[in-house]
Amino acid sequence: MATAKVVVLLVALVAVVGSCGAWELKIRMPTAREVEAAAERLEEDVAAPLIHALRPLLGSGGQLGRRAGVPCDSWRLAVEAYNKRDWKTVPTNCEGYVGHYMLGGHYRRDSRVVVDEAIAYAESLKLAGNGKEVWVFDIDETSLSNLPYYAAHGFGTKPYNATSFNEYVLEGSAPVLPETQRLFRKLISLGIKPVFLTGRREDQRAISVANLRRQGYSGWLKLLLKPVGFKATAIAYKSGERQKLQDAGYVIVGNIGDQWSDILGAPEGARTFKLPDPLYYIG
């Protein structure tokens, strides 16, 4: 099986080399270790659980990104760079693009880059050893994925429906985002305590705890949820909760989320990390 994957990878590389023209001399053959690493990542992507059946289309950023005259890849870049704000839904013509980005391997690769950087940063820290260093984690689209819900609701092209989404949350079936869990476990091994800070409501605590534990999370320090009926922007709420942590003597060494509202607003933490999310916007 592994040999077949290596052959496929090498054939693909030869095809790329043959099509590169003037770039041909700048391309080298991969080392055996690089081929093995690529095969392992291919196997990881292929082994990912099926959430939603998608028709195979070429590239999540090429022809598909330009279909119907909509530059969906440029739209996603504007979203991730926080140049496009306060949007309500994904453009209708980008449903296929977003679906293939999220489920075709690209989303997982982008998330891996973020987490690799976060782990490298965490490993470089000099800890005080007093147990006060914490790392703040968002939950939805950061620690747990709601892709099964959004795959059934147009990948963000339909207006947000609080009733149906909360019904999904109460199922407690959201799958883990493996990249984030890798960071979570690394931090615990380093002596940094994870804190969950989520926009989920306090009355969803029991099902959120059950869902997190079912997906392999354990050993967190706190789970901070929004009080029922609380009225404030996401930035105001989350920055306020981080301030409470800091006032209690904790040092926020890191902060990771999928929304800009997860990581904006003082105190943000010593360093912030933004995971990709083209499905929805929370201001």
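This is a guided tour of a predicted model, moving from the whole chain to its sheet and then to a pair of helices.

Residues are numbered from 1 along each chain as its sequence is written. Because the model is predicted, local features need pLDDT of at least 70 and side-chain atom pairs count only at pLDDT 80 or more, whereas totals for chains, interfaces and linings use all residues; side-chain values use heavy atoms, with hydrogens and water left out.

**The whole chain**

Helices (H or I, at least four residues) and strands (E, at least two) are DSSP runs, numbered from the N terminus. Of the 283 residues, 43% are buried, that is, under 20% relative accessible area with a 1.4 Å probe, protein chains only. Among contacts (heavy atoms within 4.5 Å) between residues at least 6 apart in sequence, 73% join residues at least 24 apart.

**The sheet**

Next, select the strands. They form an open sheet of 5 strands in the order β3-β2-β1-β4-β5, with parallel pairing; two strands pair if DSSP finds at least two bridges between them. At the edges are β3 (222-226) and β5 (272-274), each pairing on one side only. Neighbouring strands are turned by 20° against each other on average, direction ignored.

Now select β2 (residues 193-201) together with β3: the two run parallel and are joined by 4 bridges. Arg 201 stands opposite Lys 226 in β3.

Select residues 178-190, helix α8. At 1.5 Å a residue, its 13 residues should span 18 Å, which agrees with the 19 Å between its end C-alpha atoms; the expected span is 1.5 Å times one less than the number of residues. Buried residues in α8 are Glu 179, Thr 180, Gln 181, Leu 183, Phe 184 and Leu 187. Gly 191 follows α8, with a positive phi near 95°.

The axes of α5 and α8 come within 9 Å and cross at roughly 10°. The two helices are therefore roughly parallel to each other, a term for angles under 35 degrees. Among the residues that meet are Arg 108, Val 115 and Ile 119 in α5, and Arg 182, Leu 183 and Leu 187 in α8.

Note on methods: Buried < 20%, exposed > 50% of the residue type's maximum accessible area, 1.4 Å probe, protein only. Axes fitted to C-alpha atoms, helices over the stretch in contact; angles between N-to-C directions. Parallel < 35°, antiparallel > 145°, perpendicular 65-115°, else oblique.
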